[in-house]
Amino acid sequence: MDCQAEVNCGLHLVIQTSSLPEKNKVEFKLNKDTSSFPGRLLQHDLERNYSSRQGDHINLVSSSLSSFPILQRSSEEKILYSDRLSLERQKLTVCPIINGEDHLRLLNFQHNFITRIQNISNLQKLISLDLYDNQIEEISGLSTLRCLRVLLLGKNRIKKISNLENLKSLDVLDLHGNQITKIENINHLCELRVLNLARNFLSHVDNLNGLDSLTELNLRHNQITFVRDVDNLPCLQHLFLSFNNISSFDSVSCLADSSSLSDITFDGNPIAQESWYKHTVLQNMMQLRQLDMKRITEEERRMASVLAKKEEEKKRESHKQSLLKEKRRLTINNVARQWDLQQQRVANIATNEDRKDSDSPQDPCQIDGSTLSAFPEETGPLDSGLNNALQGLSVIDTYLVEVDGDTLSLYGSGALESLDRNWSVQTAGMITTVSFTFIEFDEIVQVLPKLKIKFPNSLHLKFKETNLVMLQQFNALAQLRRIDQLTIDPQGNPVVNFTLWKYYVLFRLSHFSMQKINGTEVTQNDMIMAERLFGILAHVASSELPQYRLISILGDARKKQFQYLLESKGKKPGIINEENNDSKRLVGENTNRATLNYTTRDFYNEKLEEIKEKKKFCKTYIEDLVKEATEINMKNEALQKLWPQMFIELVRDAVIEIRNKNSYMKLCLQQITDQK
């Protein structure tokens, strides 16, 4: 038989319908061209070894003892095609049992109806397995094929990449045209050079670590929106991403970090329709030689570089503004959540105390902790770059310090620490408005002295969600240098529910000559009404206080003025002129207002703790004194009882000692001598 006859020989199938003798066999002769590789793999060294046509004389024997057909080849066929076998287009639904073919290296099951990979575990020298265009739903039955280098499973029904653990020598893996949704379980394939996952259901690309030999990756016709881990492939040269859902370069930014990539395709993606598409890709991937299957010229690179620089500057500024804006929103929202949780805890503690002591009077200005702060939010779509930059921000940032023109905004109690910074003279002098949000007013009171020093030109104070619940708290603002405007937001400040709160502010802070309260101009009639309503209150408060207590409340300057008033009371009426009387009247009014002060809860609790400690110390000290006095008295009583008997014994011992005068004198002299 010559070479031409050998190539064109037909496929001779013998199907045995039962276990009867040879005469009952039915023979079908089919002339079939059986090319093993249709050229779907690029530049593979095994392609040429399996590209020629062959004719196999094959017997598929169906036995009643087994549900699988048994493949048998003649001795001549085994000699001619000892290392390869093609069962293409044989309408097979299962893999036949292949005995006596341990030397097979190439096996072709293309264009059949096989649903499961089986009966090939004995072919341990197999290097190429082609199961293209079948109905396989799961990768299995390959654990013993440790020499396998080419695995072609395209156009099947596979939903998951699995059971490839032992195929560490795999060089080509073709899984195109399946139903795979995730790249997984291939990180151990360190020798894999070609991976084809086109026409699947992939939405993202990642988990590619470990594929150190991969040179070609085909991901065409998927649903991919972003790509990761490609920069970790040191040998990757060709990447095909055509016809996916990639809409921005940020979603494939890892490609810019790949030093080996020379050929890439994006055609068919939304990104390819953008005006900046080409120059952005070229600017970020200078090593590319081909884009969308077209060679890149030097002129294109130069133009891309110029346009990319301008676009980058514009984008950088826009991104920065968007990032700052979104960071501000997330931080304020996080501060608001922390504030709500704090108010709920306070409300729960108050509720528990009320249950323990139901007879105790309830604070009329108690805060409703169940009311969550409704801080306005600005929402809008964010690009992936912003999302990546802002991940975890809402959990970490618990306060915000913001300077916008002449306004300093403080959100969260942690922002109060910013007053300790070294502010520049220019910035500090420019601040005229200070806004407090989501901060306990009692905490604000503690930093008011710093505020007065750091920002001497601050004239307008704003309070929102600061727990202003009583008129007494406004007394703390008197220690500032000056206030022209005061804004109290009703949100989180129940004190505004009092009808007369504005008049109390005008009365207590009258020395500031305030111009506006909550945006409303202050009139002379308002000042007169405030004096009428609360003037008597200040007079009663100052007259009821002891002198030492009044002096402790006043500052150093006012102490001197108050001392002047006390000394003036002892002089004759004619000595004090009319001018001094006016001075006395003005100073007295200021002194009366100064007695209306405010003590924060923390300071009050500290004082209570201090008083408790002193009481405890005094009690312990008195108890020790009483105990010591009791012990002394008991000893005295015991001594009175024992003293008569002790006195008798002392007299008796003295009489006995001096009964012999000479002996007693010698004894005394001896004692004196011993002492010397």
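Ten salt bridges, given as 10 in the count for the structure, are present in this predicted model. Side chains of opposite charge can pair when their charged atoms come close. Three of these pairs are listed below.

| Salt bridge | Closest N to O distance |
|---|---|
| Glutamate 326 and arginine 329 | 2.4 Å |
| Lysine 450 and aspartate 420 | 3.0 Å |

Glutamate 326 and arginine 329 both belong to helix α4 (residues 298-356), where 3 residues, about one turn of the helix, separate them. Both of these residues are buried.

The salt bridge of lysine 450 with aspartate 420 joins helix α8 to the loop between β20 (407-411) and α7 (425-430), so the pair ties together parts that are 30 residues apart in sequence. Lysine 450 counts as partly exposed because its relative accessibility is 34%; aspartate 420, with a relative accessible area of 47%, is also partly exposed.

Helix α8 comprises residues 441-454; at 1.5 Å a residue its 14 residues should span 20 Å, which agrees with the 19 Å between its end C-alpha atoms. A kink of about 50 degrees is found in α8 at valine 447, shortly before proline 449. Valine 447 is one of the buried residues of this helix, which also include Phe441, Asp442, Ile444 and Leu451.

A nonpolar surface patch of about 760 Å² is formed by Leu639, Leu642, Trp643, Met646, Phe647, Leu650, Val651 and Val655. Leucine 639 lies in helix α14 (residues 601-657) and is partly exposed, at 41% relative accessibility.

Technical notes
Residues are numbered from 1 along each chain as its sequence is written. This is a predicted model: local features need pLDDT of at least 70, side-chain atom pairs count only at pLDDT 80 or more; totals for chains, interfaces and linings use all residues. Side-chain values use heavy atoms; hydrogens and water are left out. Patches are made of residues with over 30% relative accessible area and no salt bridge: like charges are joined within 9 Å, nonpolar side chains (Val, Leu, Ile, Met, Phe, Trp, Tyr) within 5 Å. Accessible areas come from the Shrake-Rupley method with a 1.4 Å probe; for residues, only the protein chains shown count as cover. A salt bridge is a side-chain nitrogen of Lys or Arg within 4 Å of a carboxyl oxygen of Asp or Glu. Helices (H or I, at least four residues) and strands (E, at least two) are DSSP runs, numbered from the N terminus. Buried means under 20% relative accessible area, exposed over 50%, partly exposed in between (1.4 Å probe, protein chains only). The expected span of a helix is 1.5 Å times one less than its number of residues. The bend at a residue is the angle between axes fitted to the seven residues ending there and the seven starting there.
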